[in-house]
Amino acid sequence: MPTYHAFAPALLSVTRVAPRRLLRASSRPPSTTRPSSSLPLAPALLDALPPTSEPPSPQAYLRERKFSYLRDSLIRGSPSRVWADYNDLLNVMGFEKLPLEIHQHVLRRSTPPAAELRISSAKRYVASQPPPVPHTHEGRFQAIIRNIRASGARPELADYHFILEQFAAVGHYIGAIHVYKELVGANYMPEPKTFGLCLQAIAHRMTLPTRKVDQEHVASETRKMMSDLIREMRRLQIAFTSANLDLTIRILKDTLDMETFEELIKWGYGIDLSNPDCQPLEFFGAQNLKAQLSIHAPATTYPKPQPFSTAALNTTIEILGRIGNVSKLVQAFEVLTQPLPRANEHMFSSFDDDDTDFGVTNAPTSPPYVPPHAIPNTTSYIMMVRHLCTIGHPTLARHYVNEAMFYDRQKDGKAKTQIKKGRAEIPAPRIAVNRGTFQPVFALSDRTKNLTLTRWLTRKLPGVLKRKRYNLEYYTKYKEKMERKLATARRVAEASTQGNSAADAPIPILDSTTIGTSTASTSATPPPPPISLLERSRNKRPQEKSVFEVDIDALPILPSVPFKDPVKLIDLDLHIRVLQRDIAELEEFSERVDFLLSRSVQRVKEALGRRVWEGKDIYLADENRRRTVSREHWIKNVGFKSSPSDVDKTFYRAPAMIADTSPAATRMSFFQSNQVVENVAPQNVLSHLNTKIPQK
C-alpha cells in the first residue's frame, strides 16, 4: 500500500507569546479539570530539561518558569491550558529540544477524553448540525508529531494508537486511514489493535446520521476503505480478534460488499462461497505450487482458518440474504449445514491427465479435508425463511418451513426418548418452530395475494398447535413427576437423619407460622404466566451493543484449540415457558391468518361478482379459459345464501359478503349477505340493480 503522509506540515503555527500574557500566566489559579489520558506523569519532569552549566540568567529563569507551568497543567490543567503552556515553552526554548516524554504527555493531555468527544459529536450529528471538522484538535496532533520529528525523535506506535482512538470516537474514518498509512510509512508493524481502531472509526461513522446527498459518497468510501483494510490484514498475516471480526461483520451488514465478504469468509474460515464444498486453493496447496514444480521461490504461508460456529453461520445467512443472492444463499446453507462426509475424494485436478507427459509422478497427496460446517438452530431457519420471502421465493420458503418442522419433531422425539431412558443430562432442542417461522410466509402471501400459500398455512398451523399442546402437557407431567420423586427422596433423607440423631435431642415445635414458612420455602416457585403477544411487542427488545463496547485489546483467536458449540442442557421450567409462549402466539397468529384468508376470498368474489353482474367474462380454472357466466350459474356455484332479514328489502344490489372467520368456513367463504331472494327472477334482480338508491 502506498504511503500517504497525513501529518504534513501543521496548519497551526507556533506563535510568539506577548509579554503581557507571561505576566498574567504567573498569577492564574490552578485548574481542577480531570486529565484527558491515563498516561502517568514522570516523577521528575523538571530533570528532563537539558542541563546547563552557565549561571542563572533571565532566559534560564523564564524557561524553568514556563516548564513549571506546563508541569502543573499536565497534572490538573484543562486541554486548552496544556496546549497554551506547551506553545509558551516551545517559544522560550528556542533551538533547544524537548525530551520525547514531554511531547507524549502533551499529546494525551491537549484534548478531552474520547468518551466526552464521542457524546458531544453525536449530539451535533443528531441535531443536524455536524461539526465543520471531524476532530477539533486534529491540528494539535499534527503539530505535536511534527515537533517530535523535528527534535530528532520518533513517534511510538502507542502515540498513533492514541490518535486513532480519538478519531474513532468521532467517526473520523478518513483521518484514521491516513494515520494508518502514516505509521506504515514510518516502518511500524501494525497490530490487531491498529486495525481494530480503524474499523471502529468506520463502524461508528456508519451509525451517525448522514445527509441524503452524502449517503452514497460515504457508503462508497467506507466500502473501499474496508476492502483495503481486509487486504492489508491478509498481506501482513495478522489474525482476526473477536473485536475486529465483530466490527468487520457490522460494517459488511451495511455496505453489503460481496467481494470483501467472500475474501473475509475465505481467509477467516477457509470457505470459498463460489465452491463451498471444496477447500480454497490458498489452503489446498496452490501457494506451494512453485515449490512442488522445483521452482526456487519461497512458499507463502497462510494463517489457519478460524472455527466455524452457528453464530458464524447465521451471520453468513444474514449478509447473503441482505445482498439478495438466492443461489449463493441456498448453496451456502445446504453445504455448510450438511457437508459431504468424504468431500476430498471427489476433488480432482485438470492437470492430472497431463502429469505423465511431463514426467511428474507420485504427486504428494493432500491431507484429508474436513469441510467447515455448523449445526443450524431456530434463528438460522427464521433468517432463511425471512430473506427468501423478502426476495420473493415462496417455494423455497415453504421448503425450509417444512424442513424446520421436520427437525423440530425429530429433536423433540430424541429428547423424549432420552427422558424415557432416564438420562441425567438431556440436550435442549436446537430447533423449534414458532410464530417467527411462519410470519414471513404469511407476509409474502398477503403482499402478493397468494391464496394458495395462505391456505397452506391454514393447513399447517393446526397440526403445529396440536403437537405443541401435547408437548406442553407431556413436559408438565414429567416435571410434576420429578418434583414428587425429589420430595419423596428428601423426606426419606430427613427421616434417616432424624433416626440417627441422639435420643435426647430436643424435638422442634412447629406452629402454624413455622409450617407456613417452611412450606413456602420448599415449594417450587410457579412459573410466570405466558406473556401475550401484545405485551411482548411492547417490551423493550435487547439492543445491539455499541461499537465501543468491544474489547479492542483482546488477543487473536487461537485456531489450534479445538472448538465446539456449547451443548445446552434442557431446562424444564424454561422449556415449559417457551411452549406456553409459542402456543399463545400461534393461536393468535392462526386466528389472524383465518380472518385475512376470509377477507381475501371476500374481496376476490366481490370483484368477480361485479364482473358477472356487468356481463363481463371471468376466468374459470376448471375450464382454463375466460368466458361469461350467467348470474344464476354464479349464484349456484359460488354459494349465495339468502338472509331472512333481507326479504322485505325494496331494492337489491350486487352481492356483498360478510366474512366468516370460523376455521370450518375458511375453505368455502361465500357471500352470506347477498340480499337476493331465491324465488326472484334474474331479470327482476337486474331491474332492481338499475334502480337508483334513494338519497337520505
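1. Helix H2 (residues 58-76) packs against helix H4 (residues 100-109) at an angle of about 45 degrees, and their axes are 10 Å apart. That angle makes H2 oblique to H4. The crossing of H2 and H4 is left-handed. On the H2 side, the contact is made by Phe-67, Leu-70 and Leu-74. H4 contributes Ile-102, His-105, Val-106 and Arg-109. By class, this contact has 5 nonpolar, 1 polar and 1 charged residues.

2. A word on provenance and overall make-up. The model is predicted. The chain has 25 helices and 2 strands. Of its 696 residues, 40% are buried. Among contacts in the chain with a separation of 6 or more, 78% are between residues 24 or more positions apart.

3. From H17, the contact takes in Ile-382, Val-385, Arg-386, Cys-389 and Thr-390. From H19, the contact takes in Gly-436, Thr-437, Pro-440, Val-441, Leu-444 and Arg-447. Sorted by class, the contact of H17 with H19 has 6 nonpolar, 3 polar and 2 charged residues.

4. Next, the aromatic rings. The structure holds 13 aromatic pairs. Take Tyr-180 and Phe-195. Their ring centres are 5.3 Å apart and their planes stand at 50 degrees, so the pair is tilted. Tyr-180 lies in helix H8 (residues 173-185) and Phe-195 in helix H9 (residues 192-207), so the pair ties together parts that are 15 residues apart in sequence. Tyr-180 is buried, and Phe-195 is buried too.

5. Phe-333 and Tyr-381 form another ring pair. The centres are 5.5 Å apart and the planes are at 75 degrees, so this pair is edge-to-face. Phe-333 sits in helix H16 (residues 326-337) and Tyr-381 in helix H17 (residues 378-391), so the pair ties together parts that are 48 residues apart in sequence. Phe-333 and Tyr-381 are both buried. Ring pairs also link Phe-333 and Tyr-381 with Tyr-400, Phe-406 and Tyr-407 into a cluster.

6. Backbone check. Most residues other than glycine have a negative phi. Asn-187 is not a glycine, yet its phi is positive, about 65 degrees. Where does Asn-187 lie? Asn-187 is in the loop between H8 and H9. Those two helices also hold Tyr-180 and Phe-195, respectively. Is Asn-187 buried or exposed? At 69% relative accessibility, Asn-187 counts as exposed, the cut-off being over 50%.

7. Asn-624 also has a positive phi, about 55 degrees, although it is not a glycine. Asn-624 is placed in the loop between strand S1 (618-620) and strand S2 (625-627). Its relative accessible area is 57%, so Asn-624 is exposed.

How values were computed
Residues are numbered from 1 along each chain as its sequence is written. This is a predicted model: local features need pLDDT of at least 70, side-chain atom pairs count only at pLDDT 80 or more; totals for chains, interfaces and linings use all residues. Side-chain values use heavy atoms; hydrogens and water are left out. Axes are lines fitted to C-alpha atoms, for helices over the stretch in contact, and angles run from 0 to 180 degrees between N-to-C directions. Helices (H or I, at least four residues) and strands (E, at least two) are DSSP runs, numbered from the N terminus. Angles under 35 degrees count as roughly parallel, over 145 as roughly antiparallel, 65 to 115 as roughly perpendicular and the rest as oblique. A crossing is left-handed if the near helix is turned anticlockwise from the far one by less than a right angle, and right-handed if clockwise. Contact means heavy atoms within 4.5 Å. Ala, Val, Leu, Ile, Met, Phe, Trp, Tyr, Cys and Pro count as nonpolar, Asp, Glu, Lys and Arg as charged, and the others, Gly among them, as polar. Rings of Phe, Tyr and Trp (its six-membered ring) pair if their centres lie within 6.5 Å; planes under 30 degrees apart count as stacked, over 60 as edge-to-face and the rest as tilted. Buried means under 20% relative accessible area, exposed over 50%, partly exposed in between (1.4 Å probe, protein chains only).
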